[in-house]
Amino acid sequence: MTTQARLFWQIPEGEKNQTSIIQEITIIGRGSDCDIVLPDERVSRQHTEIHFNGESYLISDLGSFNGTYLNGKMLGDTHPLENGDQLQIGPVRLRFELLAIPRQSPRPTLVVPESTSQAYLEISTGTQRGARFDLVKEKMVIGRAGRGESWDIMLQDRAVSRPHAQIVRDADADADEHTLTDLDSANGTLVNGQAITEPQTLKDGDTILFGEDMLVFRIGGS
């Protein structure tokens, strides 16, 4: 989406910073994998999330230890952001600047166009429930959306790593086999409730858990 909002902040005894909010989900925290990194021990690894829902910007605390403050009050539920809102995350004060109400941009296409492949993943639980991903390439990488990455399968769950796992198709095998491998993800990959530690061949109906998203592997039908 076009840049329509910015954050300004200054780490105590540090330089002033500003960043444009250019993606649907922006994670703020101490962890190096966050979109905005605040290197202070009073900031949780993943502390706060700003989410653009197509109409407005929303702020949520991610279960941080010290909480997120909006205009001097501790944030409870998800709350919309307005121009000039003041945030405090640990010792860091941030100012939200809304330049304009963004026009809703189309979400990334979740359904891959029809192909000769009959195998696909379908999300059965999670924020993208019902989304289908046809396995049309020999290797499909699964990862969390954000920070400009472009995985073959993009999941919005913040418990999913960047990247998280991959599925490789062996077109020469008798049954057109698909093998799932975890890519050293932070929270692991579970197949039928069991964490996998080595590549695993998938069977029709297998359930796969990436973070909090449950997907079902299907083959042989549409």
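Are Phe 52 and Tyr 57 buried or exposed? Both Phe 52 and Tyr 57 are buried. Keep in mind that this is a predicted model, and take the close-ups below one at a time.

**View 1. Here is the open sheet, built from five strands.** Reading across the sheet, the strands come in the order β4-β3-β5-β6-β9, and their pairing is mixed. The edges belong to β4 (36-37) and β9 (79-80). Each of these two has a single partner strand, so one side of each is left without a neighbour in the sheet.

**View 2. Now we zoom in on β3, the strand that covers residues 25-29.** Five of the five residues of β3 are buried, so the strand is largely enclosed by the rest of the structure. In a regular strand, side chains alternate between the two faces of the sheet. Look at which way the residues point here: Ile 25, Ile 27 and Gly 29 go one way from β3, while Thr 26 and Ile 28 go the other way. Whichever way they point, all of them are buried.

**View 3. This one shows β3 with its partners β4 and β5.** On the β4 side, the two strands run parallel and are joined by two bridges. With β5 (residues 48-52), β3 runs antiparallel, and four bridges hold the pairing. Ile 28 turns up here too: its bridge partner in β5 is Thr 48.

**View 4. Next up is a cluster of rings: Phe 52, Tyr 57 and Phe 96, linked by ring pairs.** Searching the whole structure turns up two aromatic pairs. One of them is formed by Phe 52 and Tyr 57, and this pair is tilted. A pair of aromatic rings is described by the distance of the centres and the angle of the planes. For Phe 52 and Tyr 57, that comes to 5.0 Å centre to centre and 40° between the planes.

**View 5. Last, two spots where an arginine lies over a ring: Arg 95 with Phe 8 and Arg 132 with Tyr 120.** What sits over the ring of Phe 8? The charged end of Arg 95 does, 4.5 Å from the ring's centre. Arg 132, in turn, lies over the face of Tyr 120, at 3.7 Å from the ring centre.

Definitions and conventions
Residues are numbered from 1 along each chain as its sequence is written. This is a predicted model: local features need pLDDT of at least 70, side-chain atom pairs count only at pLDDT 80 or more; totals for chains, interfaces and linings use all residues. Side-chain values use heavy atoms; hydrogens and water are left out. Two strands pair if DSSP finds at least two bridges between them. Rings of Phe, Tyr and Trp (its six-membered ring) pair if their centres lie within 6.5 Å; planes under 30 degrees apart count as stacked, over 60 as edge-to-face and the rest as tilted. Buried means under 20% relative accessible area, exposed over 50%, partly exposed in between (1.4 Å probe, protein chains only). A charge sits over a ring if NZ of Lys or CZ of Arg is within 6 Å of the ring centre and within 35 degrees of the ring normal.
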